[in-house]
Amino acid sequence: RPPFVLLDAFFDSQSYDSILINNVQGAYHATNFLISQCRCQPGYLHSSFPISNFEERANGFFNSIRYNGMSASKSIVHKLTPSQEGAYSDMKAIIESGEELATAYFADIAVGAMRALISAGYRIPEDISIVGFDDLPLCEYVTPPLTTIHVPKQYMGEKAAERLLELINTKDHYPIKIEINTQLKERSSVRLRGRQ
């Protein structure tokens, strides 16, 4: 078969080369940041769809909760549809049902949930802090701009292209799996410690 490299996908049952996001590291870092700034146990706005990236982020979130001496069972978790409109509708229904809300959230799907919270009268970050994941262009332009985990998509593409050239130019093939770490982009959706 012709050589190819999977980007942001991995299959245990197949011997393919993969370039992936380090979802666990990103979610862990985001959750640690929330805990350090908000001094509370954050909740989780988690995808209701069982997608591997979101499950890995859940692992990072709960690893951070446990690392900080908190009980994972005490984290408020809301399941949201992984789309902006779906997350908005689901979060709106959660608010209207009177379910308990956290004062800080790590979010798989942040922007739609933010819209629902703001439309219900909550102030971000004064009442509820939020950190998202992926750093989509929209994150800079929502109000307030979203603190989020930046995924270096261009760098991932470059690494995939480099690996593809290696595969084209060699007879030996030992499949590799490379995880690319992420970075926190601080904006205005988290109430920073020391600021009122």
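In which loop is the place of R39?

**View 1. R39 in the loop between α1 and β3 of the predicted model.** R39 is placed in the loop that lies between α1 (23–38) and β3 (43–47). Although R39 is not a glycine, its phi is positive, at about 50°. With a relative accessible area of 63%, R39 is exposed. Most residues other than glycine have a negative phi, and most peptide bonds are trans.

**View 2. D134 in strand β6.** D134 is another residue other than glycine with a positive phi, near 110°. Its place is in strand β6, which spans residues 129–134.

View 3. P125 lies in the loop between α4 and β6.

**View 4. Helix α5 and its buried face.** Helix α5 comprises 16 residues, 153–168, and at 1.5 Å a residue should span 22 Å; the C-alpha atoms at its ends are 23 Å apart, which agrees. M156, A160, R163 and L167 are the buried residues of α5. Seen down the helix axis, these buried residues fall within an arc of 65°, so they line one face of α5. An α-helix has 3.6 residues a turn, so residues three or four places apart point the same way. The cover over the buried residues of α5 includes β1 (5–7), β2 (17–21) and β8 (177–180). On the other side of the helix, Q154, L165 and I168 are exposed.

View 5. A search of the whole structure finds 0 disulfides. C40 counts as buried, at 16% relative accessibility, because the cut-off for buried is under 20%. C139 is buried, with a relative accessible area of 4%.

**View 6. The largest pocket and its lining.** The largest pocket has a volume of about 230 Å³. It is lined by 16 residues, of which D108, I109, A110, F133 and L136 are the closest to its centre. At least two lining residues come from each of α4 (111–119) and β6 (129–134). Strand β6 gives the most to this lining, with 3 residues.

Technical notes
Residues are numbered from 1 along each chain as its sequence is written. This is a predicted model: local features need pLDDT of at least 70, side-chain atom pairs count only at pLDDT 80 or more; totals for chains, interfaces and linings use all residues. Side-chain values use heavy atoms; hydrogens and water are left out. Helices (H or I, at least four residues) and strands (E, at least two) are DSSP runs, numbered from the N terminus. The expected span of a helix is 1.5 Å times one less than its number of residues. Buried means under 20% relative accessible area, exposed over 50%, partly exposed in between (1.4 Å probe, protein chains only). The arc is that of the directions from the helix axis to the C-beta atoms. Contact means heavy atoms within 4.5 Å. A disulfide is a pair of cysteine sulfur atoms within 2.5 Å. On a 1 Å grid over the protein atoms alone, a cavity is a set of points where a 1.4 Å probe fits but cannot get out, and a pocket is an open set with protein on both sides within 12 Å along at least five of seven lines; lining residues have an atom within 4 Å of a point. Grid points are joined across faces, edges and corners, and a volume is the space filled by probe spheres set on the points.
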